[in-house]
Amino acid sequence: MSATTSIAELPTRVGDTVRVAGWLFNQRSKGKIAFLQLRDGTARVQAVAVRGECGEAAFDVLADLKMEASVAVTGVVQEDNRAPSGVELSVRDLEVLQNPSTDYPIAKKEHGVDFLLEHRHLWLRSPRQEAVLRVRGGVARALRRFFDDRDFVLVDTPILTGAIGESGSSLFTLPYFDLGNAYLAQTGQLYLEAACAAFGNVYNFGPTFRAEKSKTRRHLTEFWMLEAEMAFVDGDGNLDVQEQMICSVVQDLLATHAGELHALGRDLAPLEAVQPPFPRLSYTEAVDMLRGLGSDIEWGRDLGADDETLLSSQFDRPVFVRNYPREVKPFYMKANADDPRTVVCADLLAPEGYGEIIGGSQREDDYRLLQARIAGDGLPEDAYRWYLQLREYGSVVHSGFGIGLERTVAWLTGTHHVREAIPFPRTLSRIYP
Ligand code: 4AD
Ligand code: MG
């Protein structure tokens with residue numbers, strides 16, 4: 001095989017004869033001339049075949065090519081001001097690598113979302129899906145960069161766990177040899193807390209699982225979360241880091257993925273408005289505000305998706321809601337000394353109705369209080385022995401948070417449903433493909 005040139009490189013190769021290998025995502029012909037749209041993963045380009053300029057045999061083959069055929073085109077790179085990249089390829093020869101024997105299932109016409117999800121393995125090739133998933137990669141990189149630049153230690157936490165992380169109601173349970181049940185991790189937080197006492201500032205980034213029977217645009221059963229845990233940081237310091245992280249990720253993304261955001265038709269103005277400081281409301285203030293806006297929420301209830309949307313619509317940037325009632329939050333959150341009905345926690349609500357993207361808190365660092373919370377929630381103390389022991393040996397003030405990758409990507413790309421923000425979504429009703 002002769003060497004191939006990537007499509008992204010073509011603008012620097014004007015006048016050269018090159019070989020490009022890729023997929024044919026569209027073509028049309030008019031008599032002696034055919035226009036082939038090629039994609040190779042680095043970019044897209046139009047190749048123009050004119051009978052007489054390219055080999056006769058090659059030209060005849062064109063008529064039989066189906067959409068998504070894999071081909072290698074040899075041609076001359078030519079400047080073309082109408083092309084988005086400024087170049088097109090003038091075909092000299094064409095090699096068919098594989099030509100589908102049937103029509104590609106995804107056509108230009110509108111398909112229902114069920115059909116598209118059933119063909120997710122092919123749907124990934126569509127421009128919109130490609131752009132969203134490239135942004136996902138960019139957000140993941142920007143998140144890692146933020147923590148690496150600040151010398152947080154990456155600590156990978158287990159996926160098979162013996163204890164409940166968040167809530168007993170959404171656990172995936174599986175038999176584990178002679179040891180009873182194991183659970184798929186809902187969070188790596190408890191393990192990160194152990195690492196935090198060893199290394200100070202730590203983070204993890206990986207898949208987490210929730211057997212949530214929620215069929216909403218914000219819920220997946222498998223999603224990716226980056227979690228950070230910091231020693232000697234309290235509830236306020238925790239929010240400072242989250243605010244810096246979100247601003248840094250948005251800036252990074254605007255710099256590296258403007259092309260994708262533009263292709264997605266994303267309005268950049270709301271993203272450019274993401275600047276510190278973010279408003280910090282207490283849960284009690286949020287409830288008052290919501291009631292003033294017509295919500296029937298009562299103090300003590302968790303905020304629902306509609307409440308989150310209504311509340312965030314009052315602000316032009318992400319908003320923190322702090323100090324939720326103890327009853328609606330997990331056992332590990334530190335009691336709020338100023339109002340013991342509440343805990344030292346905060347959710348970050350994204351703008352434009354994308355809901356909660358971060359959940360975090362200061363952790364209960366008192367052995368007895370934590371033990372009482374574990375018992376109070378009916379959790380088996382045995383499974384948490386090691387977690388309690390962290391409060392026996394040098395317990396310190398510490399805090400952390402988790403940011404959901406798919407909800408963040410959905411917000412940043414302006415994608416309505418989180419299922420398009422992950423390559424192969426897992427939901428209540430789907431595990432294929
Ligand atoms: O608020 P959550 O449940 O917090 C935790 O798991 C903490 N242990 C994190 C920590 O303090 N280390 O989840 C954190 C974030 C949510 O804000 C949301 O972005 C995302 O994870 N998330 C989901 N994303 C998609 N589908 C679901 N079912 C999700 N559940 C949570
Ligand atoms: Mg939460």
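I began with the open sheet of three strands, whose order is β7-β9-β8 with antiparallel pairing. I count strands as DSSP runs (E, at least two residues), numbered from the N terminus, and two strands as paired if DSSP finds at least two bridges between them. At the edges I found β7 (160-161) and β8 (173-175), each of which pairs on one side only. I followed β8 to β9 (residues 181-184): three bridges join these antiparallel strands. T173 has Y183 of β9 as its bridge partner.

A note on the ground rules: this is a predicted model, where local features need pLDDT of at least 70 and side-chain atom pairs count only at pLDDT 80 or more, while totals for chains, interfaces and linings use all residues. Residues are numbered from 1 along each chain as its sequence is written, chains are lettered from A and ligands numbered from 1 in the order in which they are written, and side-chain values use heavy atoms, with hydrogens and water left out.

Next I looked up the open sheet of eight strands. Its order reads β6-β10-β11-β16-β15-β14-β13-β12, and the pairing is mixed. Its edge strands are β6 (153-154) and β12 (280-282), each pairing on one side only. Inside that order I checked β14 (residues 345-350), which pairs with β15 in the antiparallel sense over six bridges. There, A350 stands opposite G355 of β15.

Then I turned to ligand 1. Which strands each supply at least two residues of its shell? I found β11 (222-231), β15 (355-362) and β16 (398-404). The largest share, five residues, comes from β15.

I see 23 residues around ligand 1, and E166, Q189, E212, E227 and E356 come nearest; a residue is near if one of its heavy atoms lies within 4 Å. By class, the shell has seven nonpolar, eight polar and eight charged residues.

I also listed polar contacts, meaning pairs of N or O atoms within 3.5 Å. Oxygen atoms of ligand 1 have a polar side-chain atom of R210 at 2.9 Å and a side-chain N or O atom of R363 at 2.9 Å. From F401, a backbone N or O atom lies 3.4 Å from a nitrogen atom of ligand 1. The protein covers 94% of the 630 Å² of accessible area that ligand 1 has on its own, by the Shrake-Rupley method with a 1.4 Å probe.

Note on methods: Polar contact = N/O pair within 3.5 Å; in protein donor to acceptor, adjacent residues only side chain to side chain. Helix = DSSP H or I, 4+ residues; strand = E, 2+ residues; numbered from the N terminus. Nonpolar A, V, L, I, M, F, W, Y, C, P; charged D, E, K, R; others polar.
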